[in-house]
Structure formats: structure tokens, C-alpha cells
Amino acid sequence: MLDSATIRENPEAVRRGIRAKRIEGAEAALDAFLLADEEYRLLRADLEAKQAIRNAKSKEIGERKRSGEDASDLIRAMGEVSGEVKRLEERERGLREKLDTLQLELPNLPHESVPLGESEHDNQVVHERPGVAPVGTTVPHWDWLRDRGWLDLDGGVTLAGAGFPVIRGEGVRLFRALERFFLDRLAESGWSEVRVPLLANEESVRATGQLPDKEGQMYQVSDGFYLIPTSEVAVTNLHREAILDADALPLRYCALTPCFRREAGSYGKDVRGLNRVHQFDKVEMVAFTRPEDGYAMLEEMTELAEGLLDALGLSYRRLLMCTADMGFTQAKKYDLEVWSPAQERWLEVSSVSTLTDFQARRLQTRARAGGAQGSGKTSLVHTLNGSALALPRTVAALVETYQRDDGALTVPDVLVPYVGRDVLGV
């Protein structure tokens, strides 16, 4: 969330950021916050003055009693002041809760380098890299995988409904090879793998910004749990309410998990085959940095994800997302899209974002030289997250690029050690 001092002292900058991001209802929340904050500060001044009067009368009552004087008039007066203090304290708690709620409804502000835009059409292509030419005649991945028995959409419908595909046979081998390849590359680059729960409590999803922004996109289950929409939720919360050692930053984590998303409103070609599903596997990167290192880490993470696509020989491009096509929590965001030869369209396989200190303020994750026991001042860290990579669309592009006219699939060189051979489907 935004710093309350920033909201109070630079409300028009916050308003511009809200309008640029086109977050519905956020401007009304800003106006309500400013009004409640002014009332809160006036109330605090009144409360502190009355608390001082109460304390002074309490002290005087004690002095009179010690000297044997009658203090009944002061006791009555203090009772009246104490009643007023209690009333003001109750009002203060109510206003504080209101301010906390409104503060959660205000989005992160876009970085100055983010292009102003009204829709996804205003995103900027900042880098494009051609991959290998398709090996044979390109068939859409859903037909090619289904014909070989590797993709079972009907089985998924029986088990859970549309958007929950079942992967079979050598398709499983291909998915597993990609997962191991992604994780190994990250490990070689200094990222520490963690295994995390697939359920998160409300406090965790609120701390990372999914609430109150993405209620409609998550699956809520019993006992107040949510299925994680990405492992970012779990990994980032590993350091909730923690003081990190500033000298040990950055911390780099990666995790492979299923991700669960409702994806309401999707239809047509966008949902064919593996294009858009409700459960999918993804390798996620999460980083904690010092504030001055956050934007450099954004570039590092993006280049790392691009390196995976380079190694696979897939054509891809990097988009700098405009203000209106970023999420609630992001200050700057890149999307990586891979080319689907059979569909003749770009498919998003990675989003890499910096959230500056917006998420860390909710998490109360801070750092200090010398760690938690150090004597220096603490400061909020910066958090970042990004995909490296999402599996379904990566597989879709790979299958459409490497399928052969003889019905087999050429295995990219980097995957041969994981697959165990250079061709699948023969």
C-alpha cells in the first residue's frame, strides 16, 4: 500500500497515478481517505489535549489526597474529561480502521518510465527476438497434442470442468523436462528453490495485494483459505513482519507450483487448448532488494526469463506495459510473449514486475544493516516477482514450432538431457 504521508502530502500525484491506471473506485477512495485523514488529525489533537487535562487533574487529585484536602470537585471534573477521552478514543479507532481500509484500495503509482496508455494497445514493444523457423507444417497445438493422446481435455472436463486439462503420455515427459530445465537454470543463476503450500490464508493474500483487488480471480475454499493464483503469494509471505539483513540483500527465490485462476469472461480462441486454463504449472521468481536496487533487479529477472526462451529457440518479444495495462500493485511491468506459429498470434508466458515498497508496507518487511539485531534504522525493502516461465503456453509454442511432418516432435537441444532423446512421438 502507499505511504499515508505520500497520500496526505501529494494527493494530486496519487490522483494522477490512479487515473493513469484506470482503477475503478480508487479516486473515490482517495477523496474519502483525505477527508477521514483530516478528521483523524483534528480528533487526535483534541484527544491529546484532553488526555493532558485528564493527566493533570489526576496528578492534582493525588496531591490533594496526600495533603488531606477535599478532591471531590476534581474527581467529578476528571470523570467528565475521562468520559470525553473514552468517546474520542472510540472515534479514533473507528477512523483508524476506516483509513486502513481506504488505504488498501489505493493502487501503487506507476514509475515515470511507464508509458501512459488507455489499453493493451498502448503497450510498447521494446525488444523482439526471432527463434528457429518451424520444422514442419504447423498444426494448432490442441489438435496436435490431442491426436497423439498427450492432451485430454474431455478427461479434465469430467474431473473438474473446462479449463482443467489432463496431460498424458509423452506430454508429461515434455512438461517435466521444461520444469526441471527452468529450475536448473535459475539455480545456476543464484536463485534458491522453495516448496510452498498451495493454500493461503486471507492475511497472506491481502498482504501481497490480491485483496481487495482480485477476489473474482481466485478460488476460495473452506476455512478461509484461497488456492494460490501464483506462488508469489506464498513465497513473498515467508518474510512477512520480518527484519532482514540489508547486507544480505538481494534475496532470490524460485518455486514451481500449480496456479489456480478463475479467468472469468474468457472465451473463443483465447481459451483453445492450453491458451487459457484454470490450473497451470509455473516457475515463479520472487526477489527482495534494497530500494536502490529494485529497478536493476527488474531488468535482471526479465533477461533471465528471456534467456530461457532464447535457449528453447522460440520467437518472443518484450512489452513494456502501459499504465492502464498494469496491475494494482505494480510500479513497472514487462510482459514476455512467445510466438505461436499455428495460431499466428503472441501468447504471454511471463510477467515480471517491481512493486517497489508497496507490497512490503503491507507485509511489514524491512531491512537493517546487521540484521534484526542491528542498531541502525530499518527501511522497507522492495519486492519483485516474475514468471520463468508459465508452462502451458510455452508448451503450445514449442509444439507448434518443433512439430515435424512425420508426426514426431523435435526436442530442443537444451531439453535433450532432460527428455533422454532428441525426438518425441516416435
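Thr 354 stands opposite Leu 384 in β15. This pair belongs to strands β12 (residues 345-354) and β15 (residues 382-390), which pair in the antiparallel sense over three bridges; two strands count as paired if DSSP finds at least two bridges between them. Helices (H or I, at least four residues) and strands (E, at least two) are DSSP runs, numbered from the N terminus.

The model is predicted: local features need pLDDT of at least 70 and side-chain atom pairs count only at pLDDT 80 or more, while totals for chains, interfaces and linings use all residues. Residues are numbered from 1 along each chain as its sequence is written, and side-chain values use heavy atoms, with hydrogens and water left out.

**The eight-stranded sheet**

β12 and β15 are members of an open sheet of eight strands with mixed pairing, in the order β1-β10-β11-β12-β15-β9-β8-β4. At its edges stand β1 (124-129) and β4 (192-193); each has a single partner strand, so one side of each is left without a neighbour in the sheet. Helix α7 (residues 169-188) lies across β4, β8 (251-260), β9 (279-289) and β15, and runs at about 5 degrees to β9. Helix α12 (residues 391-402) also packs on the sheet, where it touches β9, β11 (332-340), β12 and β15, and its direction makes about 35 degrees with that of β15. Contact here means heavy atoms within 4.5 Å.

**The three-stranded sheet**

Another open sheet, with mixed pairing, has three strands in the order β7-β13-β14. β7 (243-245) and β14 (379-380) are its edges, each with a single partner strand, so one side of each lacks a neighbour in the sheet. β7 and β13 (residues 366-368) run parallel and are joined by three bridges. In this pairing, Ile 243 has Arg 366 of β13 as its bridge partner.

**Helix packing**

Axes are lines fitted to C-alpha atoms, for helices over the stretch in contact, and angles run from 0 to 180 degrees between N-to-C directions. The axes of α2 (residues 11-21) and α3 (residues 26-67) come within 9 Å and cross at roughly 165 degrees. That makes α2 roughly antiparallel to α3, a label for angles over 145 degrees. Their contact is made by Pro 11, Val 14, Arg 15, Ile 18 and Arg 19 of α2 together with Ala 26, Glu 27, Leu 30, Asp 31 and Leu 34 of α3.

α3 also packs against α4 (residues 72-104), at an angle of about 155 degrees and with the axes 8 Å apart. These two helices are therefore roughly antiparallel to each other.

**Aromatic pairing**

Rings of Phe, Tyr and Trp (its six-membered ring) pair if their centres lie within 6.5 Å; planes under 30 degrees apart count as stacked, over 60 as edge-to-face and the rest as tilted. By this rule the count comes to seven aromatic pairs. In one of them, the rings of Phe 164 and Tyr 219 have centres 6.4 Å apart and planes at 50 degrees, so the pair is tilted. Phe 164 lies in the loop between α6 (153-159) and β3 (166-167) and Tyr 219 in the loop between α8 (202-207) and β6 (225-227), so the pair ties together parts that are 55 residues apart in sequence.

**Backbone features**

Two cis peptide bonds are listed below.

| Cis peptide bond | Omega |
|---|---|
| Leu 249 and Pro 250 | about 5 degrees |
| Ala 388 and Leu 389 | about 5 degrees |

Pro 250 is found in the loop between β7 and β8, whereas Leu 389 is in strand β15. Asp 223, although not a glycine, has a positive phi of about 65 degrees; Asp 223 is placed in the loop between α8 and β6.

Note on methods:
Parallel < 35°, antiparallel > 145°, perpendicular 65-115°, else oblique.
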